[in-house]
Amino acid sequence: MCGIVGYIGFREAFPILINGLKRLEYRGYDSAGCALLHDGHLNVYKAKGKVSDLEHVAETKDIKGTLGIAHTRWATHGVPSEVNAHPHVSMSGQLALVHNGIIENYAILRQRLMEKGVKFYSETDTEILVKLIEYIKDKRHCDLPSAVRMALHQAIGAYAIALIDVNEPNELLVARKSSPLAIGIGEDNREFFIASDASPIAEYTKQVIYLNDEEIAVIRRDEPLKVITILNHEVEPNVQTIDIDLGMLSKGGFPHFMLKEIFDQPEVLRDCMRGRLLPDKVVLSAVENYKDRLLSARRFIIVSCGTSWHAGLIGKQLIETFCEIPVEVEYASEFRYRRSTVDERDVVIAISQSGETADTLAAIEKAKSKGAFIFGIVNAVGSSIARATDTGVYIHVGPEIGVASTKAFTGQVLVLSMLAIALAKAKNCIAQEDYLTLIGELGCIPDKINKVLEQNDRIRELARIFTYAHNFLYLGRGYNYPVALEGALKLKEISYIHAEGYPAAEMKHGPIALIDSEMPVVFVATHHKLHKKIISNMMEVKSRGGRIIAIVTEGDEDMKKIADEVIEVPETENCLVPLLSVIPLQLLAYHVAVAKGLNVDQPRNLAKSVTVE
Ligand code: M6R
């Protein structure tokens with residue numbers, strides 16, 4: 001969702017900006033733009049469509065300059081168009097600004113400025129910021145940082161902004177509230193890079209600062225970075241050393257990031273286990289350090305969205321089964337506004353790949369204000385959610401670029417499995433033998449995923465047969481019920497085929513009415529104590545002409561007799577099955593979308609990091 005890149009230093013800014021925007025393409029966007037300062041002129045270029053369209057627009061133009069800002073816009077207020085694309089410029093044409101987030105009171109601010117004679121050209125909420133900043137600067141005869149502070153005081157909502165001024169060719173201003181912004185510091189302060197996350201920065205420097213809410217950074221060439229709050233208090237910047245594997249930011253020979261990330265899973269899950277899953281114990285420092293707080297909780301509440309919410313449903317079953325602690329799983333977007341009984345006796349587990357999801361962040365803030373202890377399960381290191389939690393466990397699966405989440409899901413489920421096992425041990429409610437069995441089985445998961453991945457070619461063939469379908473039903477029970485939901489979400493996100501996930505036994509309470517020969521039904525039906533009952537559900541589908549694709553445990557002859565198509569996954573402990581049974585569903589969705597000729601990594605209307613409500 002919207003991406004910001006900026007540069008100030010001694011190199012030509014344009015290639016750095018374009019390269020950075022390409023790194024941020026995964027976030028989802030529908031227009032792009034940039035502003036460059038050169039020889040006292042502000043050159044602004046915009047294009048509807050892709051970053052490559054922007055490059056095309058700029059081809060014959062002046063793209064010189066060592067100071068510039070750039071943006072990819074994911075439309076919220078106003079259609080995707082050149083006029084709505086960022087940067088937006090001030091009335092005098094001297095300031096240019098890019099913005100991520102939403103200014104909720106933009107209409108009233110705009111009305112007030114219009115009454116003073118200020119003109120607006122776009123439908124965006126962003127244009128108000130640059131016009132308000134210039135209005136204040138002129139009216140109060142103050143410097144740019146002061147005008148920015150005063151303007152941001154009036155703005156309600158979320159923002160990460162970057163701003164340049166023709167009259168200040170040595171200065172780049174950035175600020176944030178509820179929208180991420182990272183600043184990379186080059187050697188001897190000779191250059192600075194800004195971006196919505198560290199991925200566009202990593203190839204130039206490892207020294208990064210993540211701005212906190214309501215902080216403004218005044219970035220000047222050859223000078224140490226200055227950070228102030230919007231109340232004008234100077235704060236010491238917290239410089240961190242980032243460790244991003246640049247290989248993870250490229251497709252590595254795969255046609256799409258999504259396929260690469262599906263195939264990355266054995267390796268990144270090993271990374272996630274490293275130092276945590278030992279031969280005879282699970283070591284999670286967050287559990288060691290906060291054991292009493294976690295075990296004294298009256299309940300856990302998991303808050304998350306989308307795929308991370310599906311992982312949460314698996315987490316509930318794991319924690320309730322092994323730790324005997326009641327767990328509720330809430331959509332963060334509902335939890336944040338609902339009257340809730342959350343208080344200091346609760347532990348809230350926030351799950352997020354990006355660490356920037358606005359609803360999850362707001363749910364955390366609400367739970368915090370009621371005194372709950374916050375435990376994060378996050379992928380993006382240093383992200384807003386990671387920083388808002390009391391403690392947590394990073395899933396460490398590397399940057400996930402494909403909009404459809406794959407390796408983050410299995411990383412989250414792996415961390416939840418380790419968390420449940422570690423807590424159960426700490427609570428003394430798991431037999432040593434069971435503890436060791438689960439540890440041993442977890443260690444085998446990467447190799448077993450490799451065995452599932454070997455069936456990629458077959459799943460590709462299968463996908464071709466089913467590209468005609470307009471609807472899919474996904475059914476599963478127990479630990480496989482959230483997997484069915486996840487399989488359906490993957491398919492609809494990237495293939496635009498309507499798909500629904502249900503607990504298998506719920507089929508007879510409604511969805512069975514949909515079944516006919518046009519309706520493929522995916523049963524996630526690995527060995528389970530309710531195996532026979534799932535077979536009955538399959539027979540019900542069969543007798544109504546439905547086509548069955550079944551994900552089964554290796555050697556399950558009963559299922560093979562009934563299903564039209566079968567994909568086998570290796571045997572494992574029932575509670576760990578989602579780590580295997582989800583893999584064929586990721587591949588199925590991927591191959592259906594590819595067969596339909598769709599943009600798998602950047603599906604329409606979707607954003608990778610949902611930083612608005
Ligand atoms: O970054 P998060 O895990 O907080 O994101 C939550 C959802 O937006 C995300 O899982 C979304 O549903 C994905 N597109 C799923 O593939």
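# A tour of pockets, cavities and packed elements

Begin with the second largest pocket, whose lining comprises 15 nonpolar, 12 polar and 8 charged residues. In these classes, Ala, Val, Leu, Ile, Met, Phe, Trp, Tyr, Cys and Pro count as nonpolar, Asp, Glu, Lys and Arg as charged, and the others, Gly among them, as polar. The structure is a predicted model, in which local features need pLDDT of at least 70 and side-chain atom pairs count only at pLDDT 80 or more, while totals for chains, interfaces and linings use all residues. Residues are numbered from 1 along each chain as its sequence is written, and side-chain values use heavy atoms, with hydrogens and water left out.

## Second largest pocket

The second largest pocket holds about 690 Å³ of space. Select Cys305, Gly306, Thr307, Leu489 and Glu493, which are the closest to the pocket centre of the 35 residues that line it. Then colour the elements that give two or more residues to this lining: helix H9 (306-323), strand E20 (346-352), helix H11 (358-369), helix H16 (480-495) and E24. H16 gives the most, with 6 residues. Helices (H or I, at least four residues) and strands (E, at least two) are DSSP runs, numbered from the N terminus.

On a 1 Å grid over the protein atoms alone, a pocket is an open set of points with protein on both sides within 12 Å along at least five of seven lines, whereas a cavity is a set of points where a 1.4 Å probe fits but cannot get out; lining residues have an atom within 4 Å of a point. Grid points are joined across faces, edges and corners, and a volume is the space filled by probe spheres set on the points.

## Largest pocket

The largest pocket has a volume of about 820 Å³. Select Ile244, Asn379, Ala380, Val381 and Pro399, the closest to its centre of the 37 lining residues. Strand E15 (239-241) and helix H6 (257-273) are the elements that give two or more residues to this lining. By class, the lining of the largest pocket divides into 15 nonpolar, 12 polar and 10 charged residues.

## From H6 to H14

The H6 side of the contact includes Ile262, Phe263 and Pro266, and the H14 side includes Leu442, Ile445 and Ile449. By class, this contact has 10 nonpolar, 3 polar and 2 charged residues.

Axes are lines fitted to C-alpha atoms, for helices over the stretch in contact, and angles run from 0 to 180 degrees between N-to-C directions. Angles under 35 degrees count as roughly parallel, over 145 as roughly antiparallel, 65 to 115 as roughly perpendicular and the rest as oblique. Contact means heavy atoms within 4.5 Å.

Next, select helix H13 (residues 407-426) and helix H19 (residues 578-595), whose axes come within 10 Å and cross at roughly 170 degrees. These helices, H13 and H19, are therefore also roughly antiparallel to each other. Phe409, Thr410, Val413 and Leu414 in H13 meet Pro578, Leu579, Val582 and Ile583 in H19. Their contact has 7 nonpolar, 1 polar and no charged residues.

## The two cavities

Across the whole structure, the search finds 2 cavities of 30 Å³ or more. The largest cavity has a volume of about 100 Å³. Select Cys2, Trp74, Thr76, His86 and Gly101, the closest to its centre of the 15 lining residues. This lining has 4 nonpolar, 9 polar and 2 charged residues.

About 30 Å³ of space lies in the second largest cavity. Its lining consists of Asn471, Phe472, Leu473, His498, Glu500, Leu514 and Met519. Strand E23 (471-476) and strand E24 (498-503) are the elements that give two or more residues to the lining, and the largest share, 3 residues, comes from E23.

Return to His86, which is joined to Pro87 by a cis peptide bond with omega about 5 degrees. Pro87 lies in the loop between strand E4 (67-73) and E5.

Follow E5 into an open sheet of 7 strands, with antiparallel pairing in the order E5-E6-E7-E8-E12-E13-E14. Strand E5 (88-89) and strand E14 (234-235) stand at the edges, each with a single partner strand, so one side of each is left without a neighbour in the sheet. Two strands pair if DSSP finds at least two bridges between them. Strand E13 (residues 226-229) pairs with E14 over 2 bridges, and Val227 stands opposite Val235 in E14.

Finally, select helix H4 (residues 127-140), which lies across E5, strand E6 (95-100) and strand E7 (159-165) and runs at about 140 degrees to E6.
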